[in-house]
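My entries follow in the order in which I looked things up.

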Amino acid sequence: MIAAQIAAAIGAAHVLTGADIGEHYRIDIGRKFSAHPVCLAKPGSVEEVSAVLQLAHAAAIAVTVVGGQTGTCGAAVPNDGGIALSLERMKFVGEIDLLSMTMEVEAGAILQVAQEAAEAKGALLPLDLGSRGSATIGGVIATNAGGNRVLRWGMMRDMVLGLEAVLADGTILPCFPRGKKSEIACGDCVSIQQTAAECAESKESNSPSSSGERMVWKSPVFRSSSVSVSNI
Ligand SMILES: Cc1cc2nc3c(=O)[nH]c(=O)nc-3n(C[C@H](O)[C@H](O)[C@H](O)COP(=O)(O)OP(=O)(O)OC[C@H]3O[C@@H](n4cnc5c(N)ncnc54)[C@H](O)[C@@H]3O)c2cc1C
């Protein structure tokens, strides 16, 4: 019943049931947890995510987002009788703006793909994990992943400037500032194009919590060269 309703909303080709639901969507990588969801939905847009959640909400059926399933604690394993929601069709890596040093990435994109897109533009998406080839942007944000550059660059949420989120009842929240860093941050913005000397001067003249300094940490994309200037 719910699977048919979801199929009508997002297309039958994007809704799987029974044995067609692969292990990735039912079992965690440690193979400690498993489930039998009523269906797997693969929406292709924010509106389709909203449609799935509206239907699930009306039917009081739990929905679990399944990302790369690298979380290792079973959090992405759906409930028995629940709905597995995969954003794997929503993997677009959009504009990389070298002026504001930001990038827009859909939640289903693989972290490594986003890293490589930034690198191709001479920028650095600092978050890096051993699971980079499987973990999704939505997953690393949801878990606030740290990784092997965390001491220098911070956790994933330190790099998030905005989100387009869908609530459990299907409401779409466009908390997604499209402005430049200087508009997003309050006060002065430390430009990543600064030289090391300018950056050091800026750090001396600002308190550790000043917005200028924080912007270096908050920007999702950095020029590779900024690695040498951003931190002490
Ligand atoms: C080899 C390896 C190395 C790792 N190294 C690190 C590390 O150094 N640091 C670290 O912090 N973690 C590390 N991890 C853990 C893991 O990679 C992270 O937790 C990762 O952030 C999970 O991303 P995922 O896409 O696989 O999410 P999943 O495991 O699929 O999901 C994790 C949780 O996020 C939710 N979720 C997923 N996508 C969304 C979305 N779009 N919207 C809302 N909720 C969502 C899921 O429902 C679930 O609750 C490692 C894992 C492995 C296997």
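The entries below begin with the ground rules and then go from the whole chain to single elements and residues.

**Ground rules.** I am working on a predicted model, in which local features need pLDDT of at least 70 and side-chain atom pairs count only at pLDDT 80 or more, while totals for chains, interfaces and linings use all residues. I number residues from 1 along each chain as its sequence is written.

**Whole chain.** I looked up the secondary structure and found 9 helices and 10 strands in the chain; helices (H or I, at least four residues) and strands (E, at least two) are DSSP runs, numbered from the N terminus. Of the 232 residues, 38% count as buried, where buried means that 20 or more other C-beta atoms lie within 10 Å of the residue's own, exposed means 12 or fewer, and partly exposed is in between, with C-beta atoms placed from the backbone. I then looked up the contacts (two residues whose C-beta atoms, placed from the backbone, lie within 7 Å). Among contacts between residues at least 6 apart in sequence, 59% join residues at least 24 apart.

**Helix 1.** Which residues of helix 1 are buried? I found I2, I6 and I10, and they lie on the same side of helix 1 because they cover an arc of only 50° around the axis, the arc being that of the directions from the helix axis to the C-beta atoms. As background, I noted that an α-helix has 3.6 residues a turn, so residues three or four places apart point the same way. The face turned away from the buried side of helix 1 carries the exposed residues A4 and A8. The buried residues of helix 1 pack against strand 1 (15–16), strand 2 (39–41) and helix 2.

At the ends of helix 1, I looked up M1, which is found in the segment before the helix and counts as exposed, with 7 C-beta neighbours inside 10 Å. The C-alpha atoms of M1 and A59 are separated by 10.0 Å, although these residues are 58 apart along the chain. Helix 1 is followed by G11, whose phi is positive, near 105°.

**Helix 1 against helix 2.** I took helix 1 (residues 2–10) and helix 2 (residues 46–59) as a pair, and they pack at an angle of about 155° with their axes 9 Å apart; axes are lines fitted to C-alpha atoms, for helices over the stretch in contact, and angles run from 0 to 180 degrees between N-to-C directions. Helix 1 and helix 2 are therefore roughly antiparallel to each other, since angles over 145 degrees count as roughly antiparallel, under 35 as roughly parallel, 65 to 115 as roughly perpendicular and the rest as oblique. Which residues meet in this pair? I listed I2, Q5, I6, A9 and I10 in helix 1, and E48, A51, V52, L55 and A59 in helix 2. By class, this contact of helix 1 with helix 2 has 8 nonpolar, 1 polar and 1 charged residues, with Ala, Val, Leu, Ile, Met, Phe, Trp, Tyr, Cys and Pro counted as nonpolar, Asp, Glu, Lys and Arg as charged, and the others, Gly among them, as polar.

**Helix 3.** In helix 3 (residues 111–120), I found L111, A114 and A118 buried. They lie on the same side of helix 3, because their arc around the axis is only 70°. The buried residues of helix 3 pack against strand 5 (93–97), strand 6 (102–105), strand 7 (123–124) and helix 4 (137–142).

Just after helix 3, G122 takes a positive phi of about 80°, in the loop between helix 3 and strand 7. G122 counts as exposed, with 11 C-beta neighbours inside 10 Å. Its C-alpha atom is separated by 8.9 Å from that of L98, 24 residues apart along the chain.

Phi of A60 is near 55°, a positive value, and A60 lies in the loop between helix 2 and strand 3 (63–66). M101 also has a positive phi of about 55°, in the loop between strand 5 and strand 6. Are these two residues buried or exposed? A60 is exposed, with 6 other C-beta atoms within 10 Å, whereas M101 is buried, with 24.

**P37.** Last, I looked up P37, in the loop between strand 1 and strand 2, which counts as buried with 27 C-beta neighbours inside 10 Å. Leaving aside its neighbours within four places in sequence, P37 is in contact with I21, R26, P78, G82, I83 and A84. The C-alpha atoms of P37 and I21, 16 residues apart along the chain, are separated by 8.4 Å.
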